[in-house]
Amino acid sequence: MAVNNTVKIGEEPIRDIRLLPKGKVLLLGFQHTFAMFGATVLVPLLTGLNINTALLMAGAGTLIFHLFTKGKVPAFLGSSFAFIGGYNLVAPLVDGKADPHKIAIASGGVFFAGLVYLILAGLIKFFGTRRVMRFFPPVVTGPIIIAIGLTLSPSAVANASTNWLLAITAISVVVICNIWGKGMLKIIPIIMGIGCAYVVALLTNSIDFSSFANIKVLDWPVDPSKFMVFDLSAILTIVPISLATMMEHIGDISAISATTGENYIADPGLHRTLMGDGIATSFSAIFGGPANTTYGENTGVLVLTKVHDPRIVRLAAVIAIILGCFPILSSFIQTIPAAIIGGVSLILYGMISAIGVRNLVESKVDFTKSRNLIVAATILVVSLGFKNGVSFQVNSVTITLSSIALSALLGIALNAILPGKDYVFTEANPKETGVNFSAVDTTMEGHGDTEEA
């Protein structure tokens, strides 16, 4: 297809990457892959799962998600950190290694956790988006989006602090390209930041190439010994985690909606995004892969680049699948120092929080009302104060709610209980009106999905 020269890169959101040269599109795809890579491979490192399986299932899970959401939502699914506690309980590491059979048992629990998403999706489909969304006004979703970015930031700082020279180099290049860059430089700031900082790392001898030791060029990325096995105790231990991750899912979809100006909660519908996320998680668990979740890192990429076409995320998913099948490629990416990833993540996580602030501003949330202040304050304080979440016992099962899930539940409850609500959810056509988070009028406009799931 001929390139449309009327496309002004970096000035207006790009919603159709087919208007760009193929070489630039490939770079944009790799940029999303780089953004998700660090967190996606960290989960298997902490749980004993296979890194290449995690990459394969991240890519496959993303494609499954896009299938269920009719290819409309530019979300990338990667390894979920929320389930690490479940893996540690069911299949604890011994001398840095996990028992394959116990991993298989844990995977059985994750499989059922993914199915819980389908229950909530069914309820939303049955009762309708309007009845559900009245519990998620901007005064709730805005602070949750802010909290998502802020709670992720400590990990970015921890990584960046391992080598501030590399981190600051990456940050500086990202900022320079995004603010003063022209043309393509403006929409690949992350690749530029990683690339320039990597050169500095090479010059300062700060790269560890040990990941290449005894590596295979091509390998089948799944281990049959870790395929899921059902165990009631493991299922009861891991399934409750889905209650927390579903709340995080709603926050992530709200963040992506606010970023792109499209109301994905209305169209293709929250029931579809939940189904896509849940099926992707269950599919991954079948083959011993980690649970999947929508990634805030890639939402940050959407903010920076203004390239909102879901096709670019699907390209990144294909790249992740290829990386999973070619260990030598994933090993090369693993040589990127943690400090560089941390520096880039500082920008991306900050962008997520900034989107939450923008959500509140554009929604004209009235903070002269005490009830709105209380709801927002509770969400922010709880999400930042309970760093390790809250754990409680139900019979012999320990359930842990992450700080985001806990703050979301409290925020939703307070908003429902306190008088003085000024938010009404209505549905219109986003292709004509866009998403408008407006105030008493606080109306989130979007298009209802008239097609049956």
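1. **The α12–α13 loop.** K306 sits in the loop between α12 (296–305) and α13. Its phi is near 60 degrees, a positive value in a residue other than glycine. K306 counts as partly exposed, at 32% relative accessibility. Keep in mind throughout that this is a predicted model.

2. K70 is not a glycine, yet its phi is positive, about 60 degrees. This residue belongs to the loop between α2 and β1. With 31% relative accessibility, K70 counts as partly exposed.

3. Helix α11 covers residues 265–286 and bends by about 50 degrees at R272. Of its 22 residues, 18 are buried, so the helix is largely enclosed by the rest of the structure. Just after α11 comes G288, with a positive phi of about 80 degrees.

4. Which bond joins D267 and P268? It is a cis peptide bond, with omega about 20 degrees. P268 is placed in helix α11. Check this bond by eye when viewing the helix.

5. **D267 and K72.** D267 also forms a salt bridge, with K72 as its partner. The closest N and O atoms are 3.0 Å apart. The pair links distant parts of the chain: D267 is in helix α11, while K72 is in the loop between α2 (51–68) and β1 (77–79). The two residues are 195 residues apart. D267 is buried, with a relative accessible area of 8%. K72, in contrast, counts as partly exposed at 29% relative accessibility. That loop between α2 and β1 is also the place of K70.

6. **R15 and E262.** The structure holds 5 salt bridges. One of them pairs R15 with E262, the closest N and O atoms being 3.9 Å apart. The cut-off is 4 Å. R15 lies in the segment before α1 (22–47), and E262 lies in the loop between α10 (241–260) and α11. These positions are 247 residues apart. R15 counts as partly exposed, at 41% relative accessibility.

7. **D16 and R311.** D16 forms a salt bridge with R311, and here the closest N and O atoms are 3.5 Å apart. D16 lies in the segment before α1 and R311 in helix α13, so the pair ties together parts that are 295 residues apart in sequence. Both ends are partly exposed: D16 has a relative accessible area of 21%, and R311 has 28% relative accessibility.

8. **The network.** Which residues do salt bridges with shared partners join into one network? They are D16, R18, D309 and R311.

9. S257 is found in helix α10. It counts as buried, at 2% relative accessibility. Its side chain reaches the backbone oxygen of E262 at 3.3 Å. A polar atom of the S257 side chain also lies 3.1 Å from the backbone nitrogen of Y264.

10. **Cysteines.** How many disulfides does a search of the whole structure find? The count is 0. The sulfur of C177 has its closest cysteine sulfur in C196, 6.7 Å away, which is too far for a bond. The cut-off for a disulfide is 2.5 Å. C196 is likewise in no disulfide, its nearest cysteine sulfur being that of C177. Burial separates the two residues: C177 counts as buried at 9% relative accessibility, whereas C196 is partly exposed with a relative accessible area of 31%.

11. **A nonpolar surface patch.** L63, V318, I322 and F326 make a nonpolar surface patch of about 280 Å². F326 is placed in the loop between α13 (310–325) and α14 (327–334). It is partly exposed, with a relative accessible area of 30%.

How values were computed. Residues are numbered from 1 along each chain as its sequence is written. This is a predicted model: local features need pLDDT of at least 70, side-chain atom pairs count only at pLDDT 80 or more; totals for chains, interfaces and linings use all residues. Side-chain values use heavy atoms; hydrogens and water are left out. The bend at a residue is the angle between axes fitted to the seven residues ending there and the seven starting there. Helices (H or I, at least four residues) and strands (E, at least two) are DSSP runs, numbered from the N terminus. Buried means under 20% relative accessible area, exposed over 50%, partly exposed in between (1.4 Å probe, protein chains only). Patches are made of residues with over 30% relative accessible area and no salt bridge: like charges are joined within 9 Å, nonpolar side chains (Val, Leu, Ile, Met, Phe, Trp, Tyr) within 5 Å. Accessible areas come from the Shrake-Rupley method with a 1.4 Å probe; for residues, only the protein chains shown count as cover. A salt bridge is a side-chain nitrogen of Lys or Arg within 4 Å of a carboxyl oxygen of Asp or Glu. A polar contact is a pair of N or O atoms within 3.5 Å; within protein, one must be able to donate a hydrogen and the other to accept it, and residues adjacent in sequence count only if both atoms are side-chain atoms.
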